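Dear colleague,

Please find below the structure that I am handing over to you. My notes on what was found in it follow directly after.

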Amino acid sequence: MAGESEDQPENPFQRPLRFQRQVFDQALADLRRGSVFGDRLAEGMAVEVGETPSRVVHTENKLELLQYEPLTDHQHPVPILIVYALINRPYILDLQPDRSIVRRLLEAGHDVYLIDWNEPSRLDSHLGLEDYVSRYLDNAVDVVRERSGQEAINLLGYCMGGTMAAIYSALFPAKVNALGMMAPALHFEDTGGVLERWGDRAHFDPRTLTATYGNVPGEFLAAGFDLLDPVANNVTKYVHLLDRVENEDFVRNFGRMERWLADDVDHAGDAYVEFIEEIYQQNRLAENTLTVGGERVDVGAIEAPILQILGEYDSLVPPAASKPFNDVVGSEDVTTIEYPRGHVGLAMSNGAHRDVWPEVAEWYLEHSIKPTFADVLGDGIERALGIDVETDVTEGGADELEIGLADSRGEIARAIVPYDATAVEEFLEETLGVEIGLVSGPGGIAVEVQTDEGLVTTVVTTVGEAIRSEVEEAVRAVDLAATYDLEEVEGIGPTYAGRLRSAGIDSVSKLAVASPERVADGAGASETLAERWIQSARELVGATEPPAASS
């Protein structure tokens, strides 16, 4: 170097870098000569990507909403919508069959949708976070909700897509059942690594870039990511390729990745400025001061279960730029998976697909199964017999239910039965030697368990319509056990009891789950009196809150 004495010791990093550069130059020379290296690389780049079958079910401007074809006979009812970032192409999540996050979720029985934002045009440079989150993403969520019949769905956001999913969950909490975020950019206060330093207000004004180009060129973003680890990204990986050039599978995998890395897209200008200034430079999302479209993004409103999937060696979004967000959200159900891989390795490595993604698929399942008729039956059994009842939809088999029974001495029985009311009822009755009855009404569900010692009734209140429908179907197939007499309810004598029976309310169980209007009309009494009877009936049988879904 100029200005240095000839006998000055060589920088210790210069020699290995020079050697790697020599190897790289030789590899490029081989490529230009059309050697095996070049032929193999060309073959790899030509391999198909994103092969899991899907169809476009909604479009808006450049956005395409994809729904993937199922890989199981039955799908879990709450779908997963994957929210991809505004940069690069989303097929990194479905790059090849054995390393496809999309396929891992489909194989576990999930109904999977994905947003492909595609590339903005010059006319889209004005699009900001309000457009992407409160308009495009919200409309896509509504399409998925309508198609699935679910009030709330699951989100899975990757990188910037995780950031947008978090913002969305704060703005529209009632529409989000569970929020998963993979390497999300959420918290920047001396935690964001190299990109945070580059994007610091002291060094970078994003408006200068958008004033020049409108949209931020994909090549600019790609160059920045490349420089996070220039040796690995520009030299070392080609050395590894040269060493394994005869391994066709390795070369194909390498080619797929190179194709994705080269397939960059522009970033809408206004959204880029907002993201850099508001989230990176001022940390407004984590500090709970961010506004989108004039509306405050209150992260305390995020009460859905949260899963963060982080790469321990992620240089783009280090774990420290994600984990602190867990402390400011409103949710009390927060899970973090930190795995020894980088930003892309979370999506592409064999280890992640072996260790991480089956766990993620199971997490979504556990947080999507609401209390069902089986859980209601289990609550009645537990109260009547003191037996623990565990129910769990089997992974990859949404049409089957695993039931486990245990007491203080250990497990009594465990079996996989069809996801069917009659099958569940028959298994419980035969295994435990009891008779089970169900009564459904507007006020809840009564579970009657008849044993040799007598009848125990449990009333589960505030159940959802889905459970009620399942129970009403089950009632038609399950014989009711003996019931209490209406006269045992305080305030009901023979006259009122006769009127209630004539109206079809012929047991304490039915009274406990009936509506005050129906009771009052049937008995010829006031609604105030009817409410007292209903409360007395519930106290008599011991009404309970709905059980949580077992796992």
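Helices α7 and α11 are roughly antiparallel to each other, a label given to angles over 145 degrees, while angles under 35 degrees count as roughly parallel, 65 to 115 as roughly perpendicular and the rest as oblique. The angle between α7 (residues 206–213) and α11 (residues 269–281) is about 175°, and their axes are 9 Å apart. Axes here are lines fitted to C-alpha atoms, for helices over the stretch in contact, and angles run from 0 to 180 degrees between N-to-C directions. On the α7 side the contact is made by Pro 206, Arg 207, Leu 209 and Thr 210, and on the α11 side by Gly 269, Tyr 272, Val 273, Ile 276, Glu 277 and Gln 281; contact means heavy atoms within 4.5 Å. By class, five nonpolar, three polar and two charged residues take part in the contact of α7 with α11. In this scheme Ala, Val, Leu, Ile, Met, Phe, Trp, Tyr, Cys and Pro count as nonpolar, Asp, Glu, Lys and Arg as charged, and the others, Gly among them, as polar.

Please note that this is a predicted model, in which local features need pLDDT of at least 70 and side-chain atom pairs count only at pLDDT 80 or more, whereas totals for chains, interfaces and linings use all residues. Residues are numbered from 1 along each chain as its sequence is written, and side-chain values use heavy atoms, with hydrogens and water left out.

As for the chain in general, it has 21 helices and 19 strands. These are DSSP runs numbered from the N terminus, with helices being H or I of at least four residues and strands E of at least two. Of the 551 residues in the chain, 52% are buried, where buried means under 20% relative accessible area, exposed over 50% and partly exposed in between (1.4 Å probe, protein chains only). Among the contacts in the chain with a separation of 6 or more, 70% come from residues 24 or more positions apart.

Helix α4 contributes Tyr 132, Val 133, Ser 134, Leu 137, Asp 138 and Val 141 to the contact, and α5 contributes Met 164, Ile 167, Tyr 168 and Leu 171. By class, the contact of α4 with α5 has eight nonpolar residues, one polar and one charged. Tyr 132 also belongs to an aromatic cluster with Trp 117 and Tyr 136.

Helix α14 (residues 357–366) is largely enclosed by the rest of the structure, because seven of its ten residues are buried. The buried residues are Trp 357, Val 360, Ala 361, Glu 362, Trp 363, Tyr 364 and Leu 365. The structure holds eight aromatic pairs. Trp 363 and Tyr 364 form an edge-to-face pair, at 5.0 Å centre to centre with 80° between the planes. Rings of Phe, Tyr and Trp (its six-membered ring) pair if their centres lie within 6.5 Å; planes under 30 degrees apart count as stacked, over 60 as edge-to-face and the rest as tilted. Relative accessibility is 6% for Trp 363 and 0% for Tyr 364.

Tyr 364 is also among the residues touched by Asn 154, together with Val 78, Pro 79, Ile 80, Leu 81, Asn 177, Ala 178 and Ser 368, not counting residues up to four places away in sequence. Asn 154 lies in strand β7 (residues 153–158) and is buried at 0% relative accessibility. Its side chain reaches the backbone nitrogen of Ala 178 at 3.3 Å. This is a polar contact, meaning a pair of N or O atoms within 3.5 Å; within protein, one must be able to donate a hydrogen and the other to accept it, and residues adjacent in sequence count only if both atoms are side-chain atoms.

Some loop residues may also interest you. Asn 61, in the loop between β1 (54–60) and β2 (63–68), has a positive phi of about 55° although it is not a glycine, and is partly exposed at 42%. Asn 288, in the loop between α11 and β9 (291–292), has a positive phi near 65° and is buried at 17%.

With kind regards
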